[in-house]
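Please examine the sequence and the structure shown below.

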Amino acid sequence: MANIKMKMMLVAVLLVVLTGVLSLRALAAKQPAMKKPAAKQPAVKKVSHDIITIDGKLDDWTSSATTFEMPKAVQDATDSPYGKVKKLWVTHDDKFLYFRVDFVNPRPFTDATQSAFKKGYWTNQRFIILDVDGDSRLDYRSAQIKLKKSDMNNTYVAKWTGKKWVTKLWHQGKKSKWSTPAIGTLGHYSKDASSIEIRMPREPLEIQLSELGVQVFMSYRDKVKGSNKWISEYYPSRQKWFVYNLKTGTTKTKATKTKTTKTKTAKVKTTKTDTAKTKTTKTDTTKTSTNN
Ligand SMILES: [Ca+2]
């Protein structure tokens with residue numbers, strides 16, 4: 001009798017211990033899932049020294065920014081001298097992406113107020129095109145616009161929905177969440193009009209990868225020095241992208257398969273580092289796509 005009682009007690013004790021162990025394990029298994037943050041943006045290298053003020057003054061662009069030289073073949077083939085781009089600069093901090101475009105020739109403004117272009121020159125001033133999800137198809141583009149009683153230094157960002165362009169980030173002064181100087185989109189030509197610096201907030205762009213595809217886009221019509229037709233010129237080309245790495249702040253060569261043409265692009269890993277000049281890494285990007 002006593003023996004049976006003992007056995008029953010032992011079983012009871014074992015059950016209690018087992019239940020305890022199981023519930024502890026269940027708790028342990030649950031904990032990491034509960035602690036897991038909603039990872040939206042990729043980890044970012046701290047570049048606290050890269051705070052760029054968008055004011056048209058370029059002295060805050062330091063050697064830590066990544067630079068991309070424009071392909072000579074594209075430069076040489078432009079419709080007008082105003083389509084020629086020299087260099088793209090890209091940098092970022094935890095809140096913003098910063099771009100600077102250096103033109104071969106200053107923008108043909110009528111005067112220093114930068115509020116109008118010379119007769120016979122029209123442009124959309126859409127300089128930056130972004131691919132933020134790695135499919136080598138455009139997602140966003142910047143645009144400069146002239147507002148009433150203002151110059152051309154107003155910037156907004158449009159999103160390509162797959163069918164049409166919609167304004168994603170409004171320019172300053174608009175009643176919109178991202179339209180304040182502290183957190184919003186900004187752009188400003190340099191005083192001599194041969195460069196422009198542009199800032200975009202990262203959060204609303206829903207950047208999914210640490211690698212950003214960037215193109216410089218020149219859209220204009222030049223009656224005086226060009227063919228008087230609307231022209232679209234892309235750097236490095238319509239099919240190729242400069243790739244900027246948000247994690248490292250440097251570039252990496254990347255080739256992707258296109259969704260539309262299913263053409264397999266050869267993977268080219270040619271990363272040249274120019275140690276003499278700056279810390280930048282130049283890249284031969286071969287991301288192929290069919291843009292809209
Ligand atoms: Ca500046």
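**A covered strand and its sheet**

Strand E2 (residues 85–92) is mostly covered, since 6 of its 8 residues are buried. A residue is called buried if 20 or more other C-beta atoms lie within 10 Å of its own, exposed if 12 or fewer do, and partly exposed in between, with C-beta atoms placed from the backbone. Strands (E, at least two residues) and helices (H or I, at least four) are DSSP runs, numbered from the N terminus. This is a predicted model, in which local features need pLDDT of at least 70 and side-chain atom pairs count only at pLDDT 80 or more, while totals for chains, interfaces and linings use all residues. Residues are numbered from 1 along each chain as its sequence is written.

The protein contains 2 helices and 17 strands, and 34% of its 292 residues count as buried.

Strands of a sheet pair through backbone hydrogen bonds, either parallel or antiparallel. Here, two strands are said to pair if DSSP finds at least two bridges between them. E2 pairs with strand E3 (residues 96–103) in the antiparallel sense over 7 bridges, and His92 stands opposite Leu97 in E3. E2 and E3 form a hairpin with 3 residues between them. E2 is also joined to E1 by 4 bridges, and these two strands run antiparallel; Thr67 stands opposite Trp89 in E2.

These strands belong to an open sheet of 5 strands in the order E1-E2-E3-E10-E9, with antiparallel pairing. Strand E1 (66–69) and strand E9 (186–189) stand at the edges with a single partner strand each, so one side of each has no neighbour in the sheet. Gly187 has Ile198 in E10 as its bridge partner.

**The core and a loop**

In soluble globular proteins, nonpolar side chains tend to be buried together. A nonpolar core is a set of buried Ala, Val, Leu, Ile, Met, Phe, Trp, Tyr and Cys residues joined through C-beta atoms within 7 Å. The largest one has 48 residues, and Ile128 is among those with the most contacts inside it. Ile128 touches several residues, including Phe99, Ile198 and Val214, where contact requires C-beta atoms, placed from the backbone, within 7 Å and residues up to four places away in sequence are not counted.

Is Ile183 buried or partly exposed? Ile183 lies in the loop between strand E8 (165–169) and E9. Because Ile183 has 14 C-beta neighbours inside 10 Å, it counts as partly exposed.

Key: Two residues are in contact if their C-beta atoms, placed from the backbone, lie within 7 Å.
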